[in-house]
Amino acid sequence: MTVAEVASLSPAAEKIRSQLSATPLSDRVEVRDLDLPTLEVSPADWPALARHLRDAPESRFDLFLDLGGVDNLKRPGAGTRFEAVVHLLALSRGEHLRVKVLLPDADQPALPSVADVWPAADWFEREAYDLFGFDFPGHPNLRRLLCHDAFVGHALRKDYAPGQRWFFSEADMRMPAWALEPEERGHFETQTLSVGPSHPATHGIIHLVARLDADKIIRAETQIGYLHRCFEKMAETHTWNQVIPFADRLNYVSAMINGVGYVKTVEKMLGVEVPERGVLVRTILSEFSRIMDHCVCIGANLVDIGALTNFWYLYQPREGIYGLLEACCGARLTVSYVRVGGLAIDVPEDFVARCRGLLESIPKFLDDVDRLVTNNRIVRHRLQGTGVVSKEQAIAWGMTGPMLRASGVPYDVRRARPYDFYDRFDWDVPVAQDGDNLARYLVRMEEMRQSLSIIRQALEIFPEKGPVNSSDWHVVLPPKDAVYHDMESLIYHFKLIMEGIRVPAGERYDWIEAANGELGFYAIATGAGGPYRLKVRPPCFPNMAAFEKIIIGGTVSDAVATLGTLNIIAGELDR
Amino acid sequence: MSGVIDVSVRDPSRLTLAQRLYLPEIFSGMRVTIRHFLRNLFALRNLPTILYPEQRRDYSGRFRGKHILKTREDGTLKCVACYMCQQACPAECITIVAGEHPKIAYEKYPVVFDIDMLRCVFCGFCVDACPKDAIWMTGDYELAFFNRQEAVFGIDKLVERPGEKVKDGYGYRPYYPGDGTVPPTDASAAPVIPGDGEREKLREECLLPVYRPSAPGIGT
């Protein structure tokens, strides 16, 4: 590295470089300054670097956010064919860091597992093994995660043709090896219980295999992937805007937030600014979606533990919010409302009035649920002290969002790195200390009230008139009357539809606070009309990975209550 | 910006006497449910549920339901088979086969315009993509089929016949700055054709398909 390059590093990257210079790794780790400070390392040095990043007092990157592979086969100017891209977060400072492990062997890409450094890496490594064929020596349970066992090939490699089919029969279905052998515990035999894949308590298709000693779970393993459709591969074969309807189907309970997260990543790559009115519409509808998401989570959770009435009280606000979304964009669930550079269409005239109406009606339902549930002795007995996740565990398992906050860590992206206008609003981050199911319920209840307060403040500064879209016609479709009458506009329109938005070559990781945690999108552009690679950091994925560890020692009925408070959305989990 | 609030239960191991007795909480819960019950009983109009299909939900004029192919006043399709909706469709559900008009050299029209309703994700991208105001969506969401072939809607099922009522009304349509609903008046005007009345004459001669309420398919 030349002196000039060193001098051009940003302060954050410079800090990391100086920290590393004191270690033996200094000359084997390349520090680069992209959108995030980025370290490049060889597989052999990766475990040592991982330990340093986690443990060194000045770095303390304690939360493992994401690991995804990249296949550089068709990317001009890239070094090695495969690289594993890791995103880390230092919770105490709210700083993000990217580490790229460059895999020199294109035939048998391998890198050592870091599941012993960050337990959260476990499932992310399995996913990379599954979709890219990376080998992770030292991984405790390296097998396919999202694709089924009869799948041939690795779907996200660039030489894997999309649209191939592999048929899965019952004979291919693999149970964990330990589940097939009976286990004697003294005089008594244990029992293996299979819950799901299709089971009313699993909310989505999830397979839980549990070993029971009487009613206590002593070992468990979950299998996911039943809703896997390889969103990331689909994104690679479509244009930037065409990904929006797919992004809606990640967390379909709060579809708006996914779209906002995705387009914000692309807008940052393009350097496009969205007008204030457009940003506020996004914020208001995102916060309503958050309320909706929490309503569904709490409502379904309470149904699972037998408190059915609350489900109806919590679904009424949701109905009102769906009505609002439908009036804005024409669909209730999969809204596809955002576009890169703004929104599909301006909000209707009665938007503010409708929002204010909802702000009036929603708290009443929350109060009703509060009165029915919060101090109810049965609910307390079911939720208190069950599904406990300590602060240290929550961080080690890579949890974010309400799960992390219920364990006593006040990390919220909207506060740690305020995007849009969140720094202008006056609101509190609710935390709880116990980390049990009750704490997660309380945090979500309070978050809904905080969201209402954010919406109220956003409506106060909401401009009555004004554009919602950027006026950059290289990004946003020109207005229709111009397209009909003006040749220039028609050409812009044609280019955007037929070729897609030209996003300059580069990469970006951008993250927002979704309803169940930090939702990140890591996008690589090569200057073409669509993404070269799009990796989602799904917030409920680490939660689900931890599920089989949380429920050990509890009863099956506690496991059902715990699954509800994890807020698993299969569309996002399986992608 | 503001602070962090702790919402955890102060003394988690201990319930208050009222909570332990259980009955007071039962009664306070009953008060909530009985209030809802009475309100629902005496104000049926405000019930949040609807009695579908007798009663139908009011959707906005932006609802993204079944598509409709707009026609000119003379009953010919506005679509010029430019393939832009087919290209914009993320679900790849639109199939267009363009036909060239035998006499009017620059006039293209769709011979086939199929939308596979089982693939369609109702995102409205086709409406956004259309440069001729030729495809809109309607409020029709009742799409049920007995087999997959039935789900592929051709022109005869998609076309708007002038004068015929659109089932469930118009839905999502192109975005016009202003009130967001009304297209500019001349957007639907027929393209200028050489000579007065020549277009009509040519059309009569060459049989551009014309869609009328009574004709189920392509007619003249």
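Reader: Which residues in α10(A) meet α11(A)?

Author: Keep in mind that this is a predicted model. On the α10(A) side you'll find, among others, A:Thr309, A:Tyr313, A:Leu314, A:Pro317, A:Ile321 and A:Leu324. They meet residues of α11(A) including A:Phe351, A:Leu358, A:Ile362, A:Phe365 and A:Leu372.

Reader: What makes α10(A) roughly antiparallel to α11(A)?

Author: The angle does. Helix α10 (residues 309-329) and helix α11 (residues 351-374) of chain A pack at about 170°, with axes 9 Å apart. Angles over 145 degrees count as roughly antiparallel, so that label goes to α10(A) and α11(A).

Reader: How do the residues of that contact divide into nonpolar, polar and charged?

Author: For α10(A) with α11(A), there are 15 nonpolar, five polar and two charged residues. A:Leu314 and A:Ile362 are in this contact, and Leu and Ile count as nonpolar.

Reader: On to chain B. How do you know that β13 of chain A pairs with β1(B)?

Author: Count the bridges. Two strands pair if there are at least two bridges between them, and three bridges join β13 (residues 429-431) of chain A to β1(B). Therefore they pass as a pair. They run parallel, and A:Val429 stands opposite B:Val4.

Reader: How many residues does each chain put into the contact between chain A and chain B?

Author: Chain B gives 46 residues and chain A gives 52. Within chain B, α2(B) gives the most, with five residues. By class, the chain B side has 27 nonpolar, twelve polar and seven charged residues.

Reader: Why are β3 and β6 of chain B said to stand at the edges?

Author: Look at the strand order, β3-β4-β6, in an open sheet of three strands with antiparallel pairing. β3 (94-100) and β6 (152-153) each have a single partner strand, so one side of each is left without a neighbour in the sheet.

Reader: What makes β3(B) and β4(B) a pair?

Author: Seven bridges, in the antiparallel sense. The cut-off is at least two, so β3(B) and β4(B) meet it. One of the bridges sets B:Ile94 against B:Ile115 in β4(B).

Reader: Which domains is chain A divided into, and how many residues link domain 1 to domain 3?

Author: Chain A has domain 1 (3-132), domain 2 (170-223) and domain 3 (231-574). The centres of domain 1 and domain 3 are 28 Å apart, and each of these domains puts 23 residues into their contact. On the domain 1 side, β3(A) gives the most, with six residues.

How values were computed:
Residues numbered from 1 in each chain as written. Chains lettered and ligands numbered in written order. Predicted model: local features only at pLDDT ≥ 70, side-chain atom pairs only at ≥ 80, totals over all residues. Axes fitted to C-alpha atoms, helices over the stretch in contact; angles between N-to-C directions. Helix = DSSP H or I, 4+ residues; strand = E, 2+ residues; numbered from the N terminus. Parallel < 35°, antiparallel > 145°, perpendicular 65-115°, else oblique. Contact = placed C-beta atoms within 7 Å. Domains from an automatic or database assignment.
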